[in-house]
Amino acid sequence: MTAHIAIVGASARAAAFSVLRSGRQAVAADLFADADLQQACPVTPVSPYPEGLVDWLRQTPCDGWLYTGALENHPELVDQLATVRPLLGNPGSALRRVRDPRLLAQVLGRHGLLFPETRESPSGLPSDGSWLAKSYQGSSGSGVAQLTADTRTRNFFQRLIVGTACSAVFSGPALLGVARQLVGEAWTGADRFQYCGSLAPWPLPAEAERQLRTLGEVLTAEFGLVGLFGVDFVFDSQRLWTIEVNPRYTAAVEVVERARHVHAIDWHLDNCGNVPFSPPSADRPSAHQGKAILFAKHETTIHDDFTHWALSQPDLADIPREGTSVLVGQPVLTVLAEAESGEQVLAALKSRTAQLDAVLQDKSS
């Protein structure tokens, strides 16, 4: 059993807690070293990021390591880290291929799967909101914008697909679950295309779920993906459009695994080790789970009384350390919710984030 796992990425908290819930030990390095993660396992804020991860991993005993967002944008670094400790995930060669929208479109098209029209030049494209400009170097929507005169220097340009934004979680070809994505929700303080939360489980028609299962088989066969990975897609009420593949532990994993009552890390390690795999069954009925990221609506310095208060709240995560300066538009923390329906979860998240805005003003400056 892989008992001691290192987690690296911009934010390691969700993956580290998944590791801990599976009965394993965790050690982490990220940008934040949040207060709740500090209470759960050793964590180091790394600088310079991400280059400093190499020295950190070299000095950190572990049985293997996995990465979260947005290290998929640094395939050379992933391969370098893999020479230091055993990689539990997808190598740089897989990242380069599956993160290339041109190649992804070609592969999916051969299998009858949909991908939005994508171009490398904005020449002749309208600036009427029907096209997006994408850098493919960001994370959580940070590299996405509406095509305008100011965004025509991006790397790729993609036709906007209107529908419900979702995320599918796979382990190898096995579909673990589907979550609805919260994107650009004003009540969280997020920008228009910014990821700000997930709701799971999210039901789909039988045909759409069949397409997802085919998609998982295609991605693992054509790109050699192993372990946990996510697919962002849009369901337009009739068709399923793949938008992006994130070949690592994604933000949706923790709500999907809580809804399924399974340990996603077990799935991940079984698949990474090429062990014959059969999806575990939930031992009790699924609950609806959700999370929402609260973004700062005004510049804030986190005081110790806020950190101490937040640590006592079981529905809060990614809690900033005392003294942390949070600029407008930056994430403050994550709110978790559980209820009998997705609608109730969403209502609870909206209510709680509104309360937190008031608490932030009272306990920070």
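Q: In this predicted model, is Q194 buried or exposed?
A: A residue counts as buried when its relative accessible area is under 20%. Q194 has a relative accessible area of 17%, so Q194 is buried.

Q: Where is the place of Q194, and what does its side chain reach?
A: Q194 belongs to the loop between strand 10 (174-183) and strand 11 (195-200). Its side chain reaches the backbone nitrogen of D191, at 3.0 Å.

Q: How many bridges join strand 1 to strand 4?
A: Strand 1 and strand 4 (residues 64-67) run parallel and are joined by four bridges. A6 is the residue that stands opposite W65 in strand 4.

Q: What do strand 1, helix 1 and strand 2 make?
A: Together with helix 1 (residues 13-21), strand 1 and strand 2 make a β-α-β unit, and this unit is right-handed. A separate contact concerns R13 and F17: the charged end of R13 sits over the ring of F17, 5.8 Å from the ring centre.

Q: What order has the open sheet of four strands, and which are its edge strands?
A: The order in this open sheet is 5-8-6-7, and the pairing is antiparallel. Strand 5 (118-119) and strand 7 (144-146) are the edge strands, since each pairs on one side only. Strand 6 (residues 131-134) and strand 8 (residues 156-159) pair in the antiparallel sense, over four bridges. In that pairing K134 stands opposite F156 in strand 8.

Q: How many aromatic pairs does the structure hold, and why is the pair of F170 and F229 called stacked?
A: The structure holds three aromatic pairs. Ring planes under 30 degrees apart count as stacked. For F170 and F229 the planes stand at 15° and the ring centres are 5.2 Å apart, so this pair is stacked. F170 lies in strand 9 (residues 164-171) and F229 lies in strand 12 (residues 228-235), so the pair ties together parts that are 59 residues apart in sequence. F170 is buried, at a relative accessible area of 0%, and F229 is likewise buried, at 0% relative accessibility.

Q: What are the distance and angle between F306 and W309?
A: This aromatic pair is tilted, with 5.9 Å from centre to centre and 40° between the planes. Both residues lie in helix 10 (residues 304-311), where they are three residues apart, about one turn of the helix. F306 is buried, with a relative accessible area of 0%, whereas W309 counts as partly exposed at 21% relative accessibility.

Q: How many disulfides does a search of the whole structure find?
A: The search finds zero disulfides. A disulfide requires two cysteine sulfur atoms within 2.5 Å. For C41, which is in no disulfide, the nearest cysteine sulfur is that of C62, 12 Å away. C41 counts as buried, at 6% relative accessibility. C272 is also in no disulfide, and its nearest cysteine sulfur, that of C62, is 14 Å away.

Methods: Residues numbered from 1 in each chain as written. Predicted model: local features only at pLDDT ≥ 70, side-chain atom pairs only at ≥ 80, totals over all residues. Heavy atoms only, no water. Right-handed = clockwise from strand over helix to strand, strands pointing away. Helix = DSSP H or I, 4+ residues; strand = E, 2+ residues; numbered from the N terminus. Pairing = 2+ DSSP bridges. Phe/Tyr/Trp six-rings, centres within 6.5 Å; stacked < 30°, edge-to-face > 60°. Buried < 20%, exposed > 50% of the residue type's maximum accessible area, 1.4 Å probe, protein only. Lys NZ or Arg CZ within 6 Å of the ring centre and 35° of its normal. Polar contact = N/O pair within 3.5 Å; in protein donor to acceptor, adjacent residues only side chain to side chain.
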